[in-house]
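Here is a short briefing on surface features of one protein model. Please look over the sequence and the structure first.

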Amino acid sequence: MQARRLFLLTGLLAPAGPLAAQATADQARLVFSVNAGFIPGASAWEVSGQPLVQFQSPDPPIVDEIRITRRIRSTLTF
């Protein structure tokens with residue numbers, strides 16, 4: 001176990017080399033690419049039996065249930 005700790009400590013303390021060797025003469029580059037694809041449709045989620053209360057009606061308030069869904073349509077992407 002001591003050898004492992006010594007190896008890790010030596011690796012952390014060892015210099016990575018002179019800074020001049022690490023520097024590169026790279027220039028900034030702007031790259032454009034074109035991609036195309038297809039996204040298939042799917043049903044993401046569904047909540048059924050969600051209560052909906054209308055308080056503006058005369059007493060007692062009207063309670064109804066609604067179903068909420070989220071669907072992903074299939075489409076092409078560019």
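Which strand gives the most to the nonpolar patch? Strand S2 does, with three residues. This is a predicted model: local features need pLDDT of at least 70, side-chain atom pairs count only at pLDDT 80 or more, and totals for chains, interfaces and linings use all residues. Residues are numbered from 1 along each chain as its sequence is written, and side-chain values use heavy atoms, with hydrogens and water left out.

**Nonpolar patch**

- Trp45, Val47, Leu52, Ile66 and Ile68 make a nonpolar surface patch of about 400 Å².
- Strand S2 (42–54) and strand S3 (62–72) are the elements that give two or more residues to this patch.
- Strands are DSSP runs (E, at least two residues), numbered from the N terminus.
- Patch residues have over 30% relative accessible area and no salt bridge; nonpolar side chains (Val, Leu, Ile, Met, Phe, Trp, Tyr) are joined within 5 Å, like charges within 9 Å.
- Accessible areas come from the Shrake-Rupley method with a 1.4 Å probe; for residues, only the protein chains shown count as cover.
- Val47 lies in strand S2.
- Val47 counts as partly exposed because its relative accessibility is 33%; the class runs between buried (under 20%) and exposed (over 50%).

**Salt bridge**

- The structure holds one salt bridge, defined as a side-chain nitrogen of Lys or Arg within 4 Å of a carboxyl oxygen of Asp or Glu.
- The side chains of Glu46 and Arg67 form it, at 3.5 Å from N to O.
- The pair links distant parts of the chain: Glu46 sits in strand S2 and Arg67 in strand S3, 21 residues apart.
- Glu46 is partly exposed, at 46% relative accessible area.
- Arg67 is exposed, at 58%.

Note on methods:
Helix = DSSP H or I, 4+ residues; strand = E, 2+ residues; numbered from the N terminus. Buried < 20%, exposed > 50% of the residue type's maximum accessible area, 1.4 Å probe, protein only.
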